[in-house]
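Trainee: I would like to go through the terms used for this model. Please set each value against its definition.

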Amino acid sequence: MKMMHLPLLVTPLALAACDKPYDPRGVDHDETLLSVSATGESEVRPDEAFFQVGVENFGQTGKAASDANAKDIAKVVAALKQAGVPAKDIQTRTVGIQRIQYGDRQGQYQANNIVAVTVRDIEKAGDAVTAATEAGANVFSGPDLRISDSEKAANTAYGEAFKAAKARAQAYADAADMKIA
């Protein structure tokens, strides 16, 4: 599985030469402002998969192509549900029909229906893909592996960056015989 690294955060901290109270307007004349930069990382394994799957049909009439398409996508959706994907995680992405104006299918109609699928248990992603293709899906994109709670991963990296910046500022303060305010 792919590991994701999230480099983040630049934190300014102030060094003070004395113990004066905080001045919300900025740095006093007897204070020194030190800007420190640091990064933090969060290694997180993807825990869900996203893919798009669908069917494409051709017919002599728009109705024939559309009817065949509706029947085939119903089989694909049923197979996804049978594989454990809840209905809320199967969303219609596109539905289309068009008359073909070129090539060996000129004059026929092409119908398509594509659904977006989220598999929240990444261990079952392969089964869902297999179920859809065995049920007749002939249009496929993905899967993309994702992190379901990317904000949690980012917040972990922010915390690590802040700790690194604070440690760096403390090292500068110690070397200059100053205190962090």
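This is a predicted model: local features need pLDDT of at least 70, side-chain atom pairs count only at pLDDT 80 or more; totals for chains, interfaces and linings use all residues.

Trainee: Why is Gln 110 called buried?
Mentor: Buried means under 20% relative accessible area, exposed over 50%, and partly exposed in between, with a 1.4 Å probe and protein chains only. Gln 110 has 12% relative accessibility, so it counts as buried.

Trainee: What joins the side chains of Gln 110 and Glu 56?
Mentor: A polar contact of 2.4 Å. The term is for a pair of N or O atoms within 3.5 Å; within protein, one must be able to donate a hydrogen and the other to accept it, and residues adjacent in sequence count only if both atoms are side-chain atoms. Another polar contact, of 2.6 Å, links the side chains of Gln 110 and Gln 98.

Trainee: How do you know that the span of H1 agrees with its 21 residues?
Mentor: The expected span is 1.5 Å times one less than the number of residues. For H1 that gives 30 Å, and its end C-alpha atoms are 30 Å apart, so the two agree.

Trainee: What makes the buried residues of H1 line one face?
Mentor: Seen down the axis, they fall within an arc of 155 degrees, so they line one face. The arc is taken from the directions from the helix axis to the C-beta atoms.

Notes. Residues are numbered from 1 along each chain as its sequence is written. Side-chain values use heavy atoms; hydrogens and water are left out. Helices (H or I, at least four residues) and strands (E, at least two) are DSSP runs, numbered from the N terminus.
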